[in-house]
Amino acid sequence: MKKWIMAGSLIVLLFFVAWGIFEKTRPAMEVQVFQEEKLNKLLERLREKEEVQAKLTFREQVLPYDRESRTFFLPLSMEKEGFESGSFGTDMEGAEPVFLEDFTEKKKLSLMAGNEAIPFYMVEKDGYCLCYLKITGVSIMDFTSSEYAMDDGQPLFLLKVYDNLAADGKKNGKDSVRAAGEFVTNCYTTSRLRGNTSLNYEKKSLRLNLYEQKKDGSFQKKNESLLGMRTDNDWILNGLYADGSKIKDKLANDLWEQAGAEENPYQKTFGTHMEYVEVFINDAYQGLYGLMFPIDKKQLGMASVSSQVEAGEAVIERIYKKKYTAEWKAEDFQGALPDENMPDYRGGFFLKGDLILQNEEEWKPLYDLAACIEGSDEEFAGQITSLVNQENVLQNWLFYQAIGGFDNYGKNYYYAVRNRDGKPQGYFIPWDLNISFGDVYTDNPYYCKADFSVVKELIRWQPGQRMIDLNVDDSVSILKQTWKEWRSTSFSQNSILDRIDSLEQTVKGSGAYEREKERWPQGRYEEDFSQMKEFALQRLQYVDEYVEGLSE
């Protein structure tokens, strides 16, 4: 037996030695650098040009380009200190890039963090042009206008998505691993503005729908798994404009994804996911964005409303989005529509889905919930857990307390009604989480400001607060147990601080934060993250004390 153990150990040792040799000997990034004398002779016989015609390529993929600064961008992994293997070239015959020095002798992460512009000459047949290369640590989305449009006139853009983690076949996001070298996804997309108050920002958020061209020249929807996220054709580009840190929305979404999004009986993620991207439109740099997918029937595992109606389902599963602040009033969900031009709107909520019937029945789940909240304590306690999922409500309440989500008190969440054992049951899903961790809503150009004074202020989010105050069906005991679990995992002090540090390193260490400031100098920026960390720690302590003080 000992001989077999020793033999097995030797095999493992030899494997790791061989792998180490492979890592050291496999091809490195190839950078063409001419000696000064050879370069001068080359340039002497050519004229200097102000505009480049050829495009720089890496692994035969054309790189995103900012025409104004004559800068190309290469997205690479921040998880790996060394440079990925591959060679540079051009998309034009007779053109070649000549770098002034071998930048791979420098530290990759330092080039990223310093937003360093690496000079090189793009040498073409009729001249040369001084250009630059920047290494970024986040993925890139590059939009180029095309000659095509949809039947309704919406222009179609050619979209290239450059996955910074896929260059070596590494995992990005949750679901996919791409083969080494396959780091660019190609498709077409439409684009439209999205948001509410954010529509007033100079930097806009966008809603994308992906398409592919068929053999007959027409276009059909195309599902893609972008940056390892779910496979779909419907995507959101979050402008991240008002958040000075550029990390709060992702930080909060990541926390909900780990703490509460998976806690449902449908084995679905009741939340979204975000990955950072830098965006280019028609060879012009646009800044740092968050790529997300929407909360919809696919994400929640629901059938379309039309198919449910056609099948004669007794309980129609629907999704509502709370977009405007409004107190719970049953009367808002009955009678005439408040606006005949908005058949999908009542009481601050928008009804989602492919079929709007314009009747009271499709608003009945919200009417019943509002009536319950307006009712007496006895009525509320006797009805509330039959209308909503108790654990979900308590998790939402805890989550808003923990992140300081004061902008989610009366809006910025989804309400999904599911069929549970033949009866409708409601689930809340947080959304628009950028105003958190020390920011509050206010009437200024950014619709938010930092306000540390709210660190020990309770968010009386309903129906969770009343469920806790009345200790409905042992809600306090459930709440305490949930908070105990969260505090030992996603909401532990070390976990929160590590997440903030990691996200700060991503946005700043990639160079994207500095480029965002250059592109949008009038935006809001939070250089020092120490106040955010202090707010987070004091907020957790406040929630500890509040939950501990509740009587079971």
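Buried means under 20% relative accessible area, exposed over 50%, and partly exposed in between. The model is predicted.

Q: Is Tyr201 buried or exposed?
A: The relative accessibility of Tyr201 is 9%. The cut-off for buried is under 20%. Tyr201 therefore counts as buried.

Q: How many aromatic pairs does the count come to?
A: Rings pair if their centres lie within 6.5 Å. By this rule the count is 49 aromatic pairs.

Q: What kind of aromatic pair do Tyr162 and Phe183 form?
A: The centres of the Tyr162 and Phe183 rings are 6.3 Å apart, with 55° between the planes. Planes under 30 degrees apart count as stacked and those over 60 as edge-to-face, with the rest as tilted. The pair of Tyr162 and Phe183 is tilted.

Q: How many residues apart in sequence are the parts that Tyr162 and Phe183 tie together?
A: Tyr162 belongs to strand β11 (residues 155–162). Phe183 is in the loop between β13 (176–177) and β14 (184–194), so the pair ties together parts whose separation in sequence is 21 residues.

Q: Is Phe183 buried or exposed?
A: Phe183 has 2% relative accessibility, and the cut-off for buried is under 20%. Phe183 therefore counts as buried.

Q: What kind of pair do the rings of Tyr201 and Tyr447 form?
A: The ring centres of Tyr201 and Tyr447 are 6.1 Å apart. Their planes lie at 50°, so the pair is tilted.

Q: How many residues apart are Tyr201 and Tyr447?
A: Tyr201 is in the loop between β14 and β15 (205–213). Tyr447 is in the loop between β27 (439–441) and β28 (448–450). The pair links distant parts of the chain, and the separation is 246 residues.

Q: Which ring does Arg418 lie over?
A: Arg418 is placed over the face of an aromatic ring, at 3.9 Å from the ring centre. That ring belongs to Tyr266.

Q: At roughly what angle do the axes of helix α4 and helix α9 cross?
A: Helix α4 spans residues 248–259 and helix α9 spans residues 390–403. Their axes come within 11 Å, and the crossing is at roughly 145°.

Q: By class, which residues make up the contact of α4 with α9?
A: From α4, the contact uses Ala252, Leu255 and Trp256. From α9, it uses Gln395, Asn396, Phe399 and Ile403. By class, the contact of α4 with α9 has no charged residues, two polar and five nonpolar.

Technical notes. Residues are numbered from 1 along each chain as its sequence is written. This is a predicted model: local features need pLDDT of at least 70, side-chain atom pairs count only at pLDDT 80 or more; totals for chains, interfaces and linings use all residues. Side-chain values use heavy atoms; hydrogens and water are left out. Rings of Phe, Tyr and Trp (its six-membered ring) pair if their centres lie within 6.5 Å; planes under 30 degrees apart count as stacked, over 60 as edge-to-face and the rest as tilted. Helices (H or I, at least four residues) and strands (E, at least two) are DSSP runs, numbered from the N terminus. Buried means under 20% relative accessible area, exposed over 50%, partly exposed in between (1.4 Å probe, protein chains only). A charge sits over a ring if NZ of Lys or CZ of Arg is within 6 Å of the ring centre and within 35 degrees of the ring normal. Axes are lines fitted to C-alpha atoms, for helices over the stretch in contact, and angles run from 0 to 180 degrees between N-to-C directions. Contact means heavy atoms within 4.5 Å. Ala, Val, Leu, Ile, Met, Phe, Trp, Tyr, Cys and Pro count as nonpolar, Asp, Glu, Lys and Arg as charged, and the others, Gly among them, as polar.
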